[in-house]
Amino acid sequence: MSRTEFMQGNAACAEGALAAGCRFFGGYPITPSTEIAETMARRLPKAGGVFISMEDELASIAAVIGAAWTGARAMTATSGPGFSLMMENIGYAAMTETPCVVVNIQRGGPSTGQPTRAAQGDMLQCRFGSHGDYSTIALTPNSVQEMFDLTAKAFDLADRYRVPTFLMSDEIVGHMRERVTIPDAVEVERPRPLAEGSLPFEAGDDGVPGFAPFGSGRAVHVTGLTHDERGYPDTTDPEAHDKLVRRLVAKVESARREIADYEVVNPDAETVFVTYGPPSRTVEQVMRDRPDDSIGHLRLRIVWPFPEFALKVFPNAKTFLMPELNMGQVVREVQRHVDQPVVSIPKIGGELHTPAELVRVLEVYR
Amino acid sequence: MRHEIRFSGYGGQGIILSAVILGRAAALYDDKYAVQTQVYGPEARGGASMGQVVIDDTPILYPEVTEPDIYVIMSQQGFEKYGIRAGEDAVMLIDADLVRSRPTCRYYEIPATSEAKGTLGREIVANIVMMGALVTATGVVSREAIERAVLDSVPKGTEELNLKALKRGFELGERA
């Protein structure tokens, strides 16, 4: 059984989290993400969960990390300024391998910028925003249905790889209303438990240690300092640091193919759009209005880890075009993986590229 | 066929709710596709408010409204900000008591607010009167669909009043 609703993207995000078994939300309201917190505040107590309105975003992500270590599926939702405040503890979540979900309904920045307008300006921040080397996963929905589906999926990825996982949406998708189908339940994959005889941060071949949350009966020491497989600080040995941090990056990067989620249209095309989030819908509109096999589209539902192999799906590509709601962020990743010219089509100010704008771009670059 | 409908009035009239109800009618009860968006700014109650809906028989890709073919305008400021540039082929429903200007496109004067205040006794249902007129004047969704969407969306205990307002709107739209 499922139900069909006409719902806002932010509400669908909250429904996706609830369906995936999220039972803790720690947050601080911020436009344009607030409806997620509002929905969770209404719904979580009735679902046996806990909603805490925290004093700020530093505390929000800290509470989420704590809740995750009790074994709960935990999340927060924010936007630019709040996301910036979360950065230090996002690094802590990466270093302590805490499975959790951070939703960023992106708005125009820098600073308080445009609270009520859309942007994709935090795409590099979600990849590199905390200090030091680490790797994370970022999902990029382009519809209300995907706000539900990808939020639920984010929890599975967070658990599978024990990383903070980002739902990188924006004001357009967060606030639009569309039809959405909500299943009664979604299948969930919880973290692999820590095996008997394994140390708490001892990983197998996939680089991901089993998880023993507090209260599971195992003694686990959790620290943001460089640590050994027992979880004890070991902050001066170059080898200890090298081994740990290489593993934190490799457990995600070496699973790029397994994590990847993208759509390909017209793989024989010569001119290829690469998109994520709402600009993908403008490209889809242009391609429906002007059917043309020489134009292709790679639409990423997961931007990080970046699936560079997906670019090779277009063997005849002569030019890649990348519309983004920023001044050119993920385009850098495309540029460093292909030999062909890659053209950034930036747009800032809060509005989506129009079909007419992309048609003009095609006239220049085809 | 793709329709782009824009509602504008002042904050507090239920402009955004009108857009949501119309989108809901199309997407849930008329077996069509709909995307509803709004100007989401710091406008206070009384300022110009705007909500829009795209309705189509096929899945909606580009979600934003570029050139509305249907306007529902319920305040002078709303007209000046969001209605004045209406294209020649558009059609506009105007609350005749609240909007002084008239567009260059085809338009219908709907006395929604005076009907709501007078005949129905509650000014607050003016947007529902307007919605009824919109449906019969343009056929953008069916009467059945809009009735169900209105009933889904209004507070308990006000169903009868809202249905009356909607029916009054149907009549005004038919005559337009």
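Trainee: So two strands pair if DSSP finds at least two bridges between them. Which residue stands opposite Leu93(B) in β5(B)?

Mentor: That's Val72(B). Before going on: this is a predicted model, where local features need pLDDT of at least 70 and side-chain atom pairs pLDDT 80 or more, while totals for chains, interfaces and linings use all residues. Residues count from 1 along each chain as its sequence is written, with chains lettered from A and ligands numbered from 1 in the order written.

Trainee: Got it. How many bridges join β4(B) to β5(B)?

Mentor: Four, and the two strands run parallel. β5(B) covers residues 91–95, and β4(B) covers residues 70–73. Strands here are DSSP E runs of at least two residues, helices are H or I runs of at least four, and both are numbered from the N terminus.

Trainee: How does the chain cross from β4(B) to β5(B)?

Mentor: The path goes through helix α2, residues 76–83, and this β-α-β crossover is right-handed. In other words, with the strands pointing away from you, the path from the first strand over the helix to the second runs clockwise.

Trainee: And what does β1(B) pair with?

Mentor: With β4(B), in the parallel sense, over four bridges. β1(B) is residues 3–10. Val72(B) turns up again there, as the bridge partner of Phe7(B). That puts β4(B) in pairs with both β1(B) and β5(B).

Trainee: Which way do the residues of β4(B) point?

Mentor: Ile70(B) and Val72(B) point one way, Tyr71(B) and Ile73(B) the other, and all of them are buried. Buried is 20 or more other C-beta atoms within 10 Å of a residue's own (placed from the backbone), exposed is 12 or fewer, and partly exposed is in between.

Trainee: Okay, zooming out. What's the pattern of chain B along the sequence?

Mentor: β-α-β-β-β-α-β-β-α-α-α-α. That comes to six helices and six strands. The C-alpha trace spans about 40 × 35 × 35 Å along its principal axes, and buried residues make up 53% of the 176 residues.

Trainee: Let's look at a helix then. Is α1(B) mostly covered or mostly open?

Mentor: Mostly covered: twelve of its 15 residues are buried. The helix spans residues 15–29. Among the buried ones are Ile15(B), Ile16(B), Val20(B), Leu22(B) and Arg24(B).

Trainee: What comes just after α1(B)?

Mentor: Asp31(B), which takes a positive phi of about 60 degrees.

Trainee: Switching topic: where is Arg143(B) found?

Mentor: In helix α5 of chain B, residues 143–153. Arg143(B) has 15 C-beta neighbours inside 10 Å, so it counts as partly exposed.

Trainee: What does Arg143(B) touch?

Mentor: Val135(B) and Phe170(B), leaving out residues up to four places away in sequence. Touching means that the C-beta atoms, placed from the backbone, lie within 7 Å. Take Lys32(B) as another reference point: it sits 111 residues from Arg143(B) in sequence and 14 Å away in space, C-alpha to C-alpha.

Trainee: What about contacts across chain B as a whole?

Mentor: Looking at contacts between residues at least 6 apart in sequence, 61% join residues at least 24 apart. In chain A, the figure for such contacts is 74%.

Trainee: Where does Val364(A) lie, by the way?

Mentor: In helix α12 of chain A, residues 355–365. Val364(A) counts as exposed because it has 8 C-beta neighbours inside 10 Å. From Gly132(A), 232 residues away along the chain, its C-alpha is separated by 41 Å.

Trainee: Last one: how many residues of chain A are in contact with chain B?

Mentor: 17 residues of chain A, meeting 16 residues of chain B. On the chain A side, β1 (2–8), β9 (177–183) and α10 (279–289) each supply at least two residues.

Trainee: Which element gives the most to that side of chain A?

Mentor: α10(A), with five residues.

Definitions and conventions:
Two residues are in contact if their C-beta atoms, placed from the backbone, lie within 7 Å. The expected span of a helix is 1.5 Å times one less than its number of residues.
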